Amino acid sequence: MTANHKGVTLVGTPCQIIAAAKIEHYPETLGESPVDFKLGLFCMENFSHSYLKEFLKQNEIEMDDVDQFRVEKGHFWAYLKNGDVFKTPLSKAKACMRKNCQVCVDYTSELADLSVGSVGSAPGWSTLIARTEKGLQALQNAENKGYIETKPLEQSGLKLLENLANKKKKENKGEIRKRESVARPVIYRRYMSDAEFETEVASCQFDDLKSDVIDIGGCVLCGACYYACPENIISIEDRKPQLRGNCPPECNLCYVACPRTYVSQEILSRDLDQKALGDYLKIVSARATNVEGQDGGVATALLNYILDENVTEEVVVVDKSEQNPWKPEAVLTSDTEEVKKAAGTKYSACPVFKVLKDNDNKEKEVS
């Protein structure tokens, strides 16, 4: 792999953060990781864009009429541009959920440097979790330089957050057991050492990725396989990755990078399953001081700090397609105005690693 993208911050859901952690963990196999900072989002589930579009249409709502989506308090909300609000029990909207979300047991992006989400904090504030020294330093510096303000997270908020995280772990572990009882393997939760991982995946190619992950509804559409492929023969569109050629002998990079194949204990330790929020150094409520946005604008403010202070040179954010309303589209940028434009939760899967590979290819064409 090339290493043109030094210093990229990735904003991602838990599964996307796992992919980033895997790529970072295997530089000798996958090449130096382009992601230097991981800003993880709280995520209970993601929705299929096409299914969500059809669901809204059944309720006489067009995607283009929606100003903001929210999932909270057991309901799915669509705030419309004309001021109306569509509210439905989340159980009804779950028909639009992507199947891979049902086997994910990570609610708060436990492998991120910083995790952010609204649950646990008062309206207009976000809950911010520093998990690494790098993340803690960013939190403290962003506050010291006036990008955010923080206050202690109230015990009631912490309890609510832990309860939701444990609920996801419990219910989705049950789904994992259910799938495996009918011989549908969910292999990413099968803990093993790095040595065991390397042995297990030595001969696994795209066909194995297809049978083990893609065909059984485990693909998270993150684009890690597309990014890792040295032959550029994997394409990833709206639904799932496709192979457009023949894998060279002994190449297993797509299988190594995928967050839904085996994850070694050196990356995702076994004891995290017993911790509601994973490991962390500090947890606070936070809000932006100069940015208006969803849940206090904290994610946007942190990204502004990261770019302004050159913590990383670029960030990967998810914006909306101009041609297809609310269709998520990954953007690699160093422009804080683009960051502000991309603010807000999209609630649909997006191949965030694809934009890194595409940009690499463009740079090669220019050079």
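Mentor: Before we discuss charge, note that Lys and Arg count as positive and Asp and Glu as negative, while His and the chain ends are not counted. Please also bear in mind that this is a predicted model.

Trainee: Understood. How many positive and negative side chains does the chain have, then?

Mentor: There are 47 positive and 56 negative side chains in the chain. The centres of the two sets are 7 Å apart.

Trainee: What does the secondary structure come to?

Mentor: The chain has 13 helices and 13 strands. Its radius of gyration is 20 Å, close to the 21 Å that the globule rule gives for 367 residues, so the chain is as compact as a globular protein of that length.

Trainee: And what box do the C-alpha atoms fill?

Mentor: Along the principal axes, the box is roughly 55 × 45 × 45 Å.

Trainee: What share of the residues counts as buried?

Mentor: Of the 367 residues, 55% are buried. As for the surface, the chain exposes about 16,800 Å², and carbon and sulfur atoms supply 44% of that area.

Trainee: What about contacts between residues 24 or more positions apart?

Mentor: Such pairs account for 71% of the contacts with a separation of 6 or more.

Trainee: A change of topic: backbone angles. What is phi of Ser 109?

Mentor: Phi of Ser 109 is near 55°, a positive value in a residue other than glycine. Asn 232 likewise has a positive phi, near 55°.

Trainee: Where are these two residues found?

Mentor: Ser 109 lies in the loop between helix H4 (90-93) and strand E6 (114-117). Asn 232 belongs to the loop between helix H9 (224-228) and strand E9 (234-236).

Trainee: Is Ser 109 buried or exposed?

Mentor: Ser 109 is buried, with a relative accessible area of 0%. Asn 232, by contrast, counts as partly exposed, because its relative accessibility is 46%.

How values were computed: Residues are numbered from 1 along each chain as its sequence is written. This is a predicted model: local features need pLDDT of at least 70, side-chain atom pairs count only at pLDDT 80 or more; totals for chains, interfaces and linings use all residues. Side-chain values use heavy atoms; hydrogens and water are left out. Helices (H or I, at least four residues) and strands (E, at least two) are DSSP runs, numbered from the N terminus. The radius of gyration is taken over C-alpha atoms; the globule rule is 2.2 Å times the number of residues to the power 0.38. Buried means under 20% relative accessible area, exposed over 50%, partly exposed in between (1.4 Å probe, protein chains only). Contact means heavy atoms within 4.5 Å. Accessible areas come from the Shrake-Rupley method with a 1.4 Å probe; for residues, only the protein chains shown count as cover. The place of a charge is taken as NZ of Lys, CZ of Arg, CG of Asp or CD of Glu.
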